[in-house]
Amino acid sequence: MTLTPLITEVVVTFCLAACLLYRYGNWHQHNVLVTIAVLIAWYFSLLIIFVLPLDVSSTVFRQCIQANVHPDYTLLANGSAAPLILCEEPWSFVPENVLPNLWRIVYWSSQFLTWLVLPLMQSYAKAGEFTFQGKLKSALVDNTIYYGSYLFICIMLLIYLAVKPGVLLDGQKLKAIASSASNTWGLFLLVLLLGYSLVEVPRTFWNASSRVHTLNHAYFKASKLSSDKSESEECLDDVLEAVQSYACCIRPGDPLYGQLETIMHKIPRDLRQGMKRRQRNMEDAMDVPSIKGLIRLHKKLIKALQIYRRCETQWDLLVERIIFLDDVTRNQVSRDHKFKPSFPPSRPNWLNVIYTPTIEWYWRCQIQCYLLRTAAIISAILSAAVVWSEVTFFNKEPVLSIFAQLFNWSKEHYDYFTIEIMSTIIIAYLCYCAYSTVLKIRVLNYYYLAPHHQTDEHSLLFSGMMLCRLTPPLCLNFLGLIHMDSHIIKSHIMETYYTQVMGHMDVVSIISDGFNIYFPMAILAFCFTTYFNIGSRLLSFIGFQQFLDDDEVTTDLIEEGRELVNREKRRRQRCEETAGRRRQYQERFRNSTALSNEGRSIIREDSSRSNLLAAAEPIDSYQSNLEEGPEFNLARIGQPPRGLFDDI
């Protein structure tokens with residue numbers, strides 16, 4: 001019995017969450033409270049994923065002790081009798097009171113964050129008021145309206161349970177209702193996401209092995225993103241014009257000048273300089289500015305800047321990816337087997353020694369393709385196993401779930417390490433499928449996680465909410481797949497501490513016996529819909545163009561995207577050439593600094609004499625002027641005299 005595995009996973013999970021937040025967030029510019037809240041949300045969600053396999057192996061050991069107590073007794077040193085245990089203790093077994101306390105802290109803290117704190121912080125960040133009290137009031141009003149429907153449903157549910165005979169409501173059942181309602185909402189969203197991603201993830205890996213298909217898809221995205229980028233720029237220009245109109249009316253000393261300064265500080269410096277260069281008439285100014293108008297303008301500016309920055313970030317990352325894919329396609333036919341990028345990246349010298357152009361060519365042009373196809377095959381097998389297990393996991397006899405059969409085989413052989421590894425792989429794959437789909441859906445494209453510290457606060461808060469809402473039902477669904485949930489297989493077995501803390505929705509039989517068991521079967525229907533691209537074709541039919549291989553509009557958008565990226569590539573090449581010439585000039589200037597210093601010392605010795613000679617007009621020039629006539633002399637009046645060194 002040791003806490004070393006648990007402590008190791010707790011520390012490693014925290015480091016992983018911190019590294020991910022450092023990669024996507026910006027700790028220096030974002031609010032400290034936002035950073036801490038998102039870090040806790042990510043950390044607790046990942047902690048559930050990585051610690052649950054330890055809970056599963058510990059539960060298997062406790063089930064073994066409960067079922068295999070030998071009737072004989074062994075005599076202890078103090079003379080008392082103890083049952084003879086025939087079970088092997090897992091290497092990661094922890095004391096019984098550790099996991100329940102951990103799950104209570106992690107689960108209820110994450111639920112408090114996802115349903116109260118994070119939505120409030122997200123509304124607070126988008127509020128247009130200028131004071132703390134005003135922002136908080138606006139955030140409370142927005143969340144009151146948002147959760148009004150949920151409150152109405154909860155009230156109706158409580159009334160139904162109150163009038164139902166034989167049901168006594170207490171604190172434990174109310175807590176179970178709250179947790180199960182949250183899990184039911186998460187399960188509904190999880191089925192939709194898994195039904196799409198279990199097919200799309202293997203397809204994405206397989207298509208990524210084809211450079212031509214990947215490049216065409218990237219060109220298609222560039223064309224659509226260029227339209228979004230143009231719309232965001234136009235929207236931001238309209239908001240900036242409104243800000244400039246208010247600035248024409250509100251002058252220093254006005255009671256609203258402080259609020260206007262707050263709005264102006266939100267505008268980036270380059271955009272402010274563009275506003276100063278823009279000429280506007282005083283007739284276009286607002287007649288009567290008010291505090292409500294400034295609040296609405298402030299809120300519009302926050303939203304417009306968020307969309308503008310998101311589109312700019314997506315565009316830069318997409319162009320870099322297309323240039324990289326184009327380099328890979330071009331280098332595949334290289335005869336010298338050396339990777340030659342269009343824009344050489346800046347790397348440390350030690351990395352250039354190890355990661356040579358030859359090694360990079362074999363990795364980019366040869367090995368990576370086969371690895372992607374291997375990943376596609378493995379993910380397709382896992383997706384098929386998940387779909388089959390989701391459709392048949394409620395059958396106990398015979399056991400049709402593939403994961404349940406593997407789990408039972410490992411349990412019979414007391415192979416706890418295999419149980420933990422298998423649990424980690426299954427949960428990790430389900431999480432990858434669910435989480436990678438959340439920010440790829442077009443409806444949720446308002447939020448975007450961008451690497452290199454370019455993700456805004458709104459997207460970070462949204463990702464924290466989604467992780468906290470999807471992780472608990474995902475883990476419960478996994479426990480049902482391996483037959484560790486007694487309320488699904490209808491067998492009284494010892495459950496995990498995680499299930500005991502969360503409870504069951506036994507008071508409402510429609511949800512406990514119907515929705516939570518049979519709704520996951522809908523994954524099969526969503527998978528068929530995704531495989532035949534029914535949703536994409538329907539969206540294209542109503543006007544939301546999707547990437548389809550046999551569509552003429554898709555071909556036109558690919559060509560448009562190719563032209564846009566080529567234009568952007570030429571612009572970047574010109575910038576690189578200009579920067580290169582500037583560096584060469586600076587190097588030449590540094591090399592000639594010594595010679596110029598020697599020349600300056602000689603010039604300083606004769607500076608007074610040179611100045612006197614420069615101030616005097618040459619006699620030859622004076623005589624020539626007299627010979628040319630008075631017109632030339634009048635033309636020279638008012639011009640500075642020429643010196644001896646003017647022609648040098």
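**View 1. The charged end of Arg469 sits over the ring of Trp115.** The distance from the charged end of Arg469 to the centre of the Trp115 ring is 4.1 Å. A charge is taken to sit over a ring if NZ of Lys or CZ of Arg is within 6 Å of the ring centre and within 35 degrees of the ring normal. Arg62 likewise lies over the face of Tyr497, at 4.0 Å from the ring centre. The model is predicted, with local features requiring pLDDT of at least 70 and side-chain atom pairs pLDDT 80 or more, while totals for chains, interfaces and linings use all residues. Residues are numbered from 1 along each chain as its sequence is written, and side-chain values use heavy atoms, leaving out hydrogens and water.

**View 2. Phe14, Tyr43 and Phe44 form one aromatic cluster.** Buried means under 20% relative accessible area, exposed over 50%, and partly exposed in between, for a 1.4 Å probe and protein chains only.

**View 3. Helix α2 (residues 32-67) packs with helix α14 (residues 416-438).** Their axes are 9 Å apart, at an angle of about 145°. Axes are lines fitted to C-alpha atoms, for helices over the stretch in contact, and angles run from 0 to 180 degrees between N-to-C directions. In α2, the residues that meet α14 include Leu52, Val56 and Phe61, and their counterparts in α14 include Ile419, Ile427 and Tyr435. Contact means heavy atoms within 4.5 Å. By class, the contact of α2 with α14 has 12 nonpolar residues (Ala, Val, Leu, Ile, Met, Phe, Trp, Tyr, Cys and Pro), one charged (Asp, Glu, Lys and Arg) and three polar (the others, Gly among them).

**View 4. Thr555 lies in helix α21 (residues 552-591).** Thr555 is partly exposed, with a relative accessible area of 39%. The C-alpha atoms of Thr555 and Asn216 are separated by 8.8 Å, although the two residues are 339 residues apart along the chain.

Conventions
Rings of Phe, Tyr and Trp (its six-membered ring) pair if their centres lie within 6.5 Å; planes under 30 degrees apart count as stacked, over 60 as edge-to-face and the rest as tilted. Helices (H or I, at least four residues) and strands (E, at least two) are DSSP runs, numbered from the N terminus.
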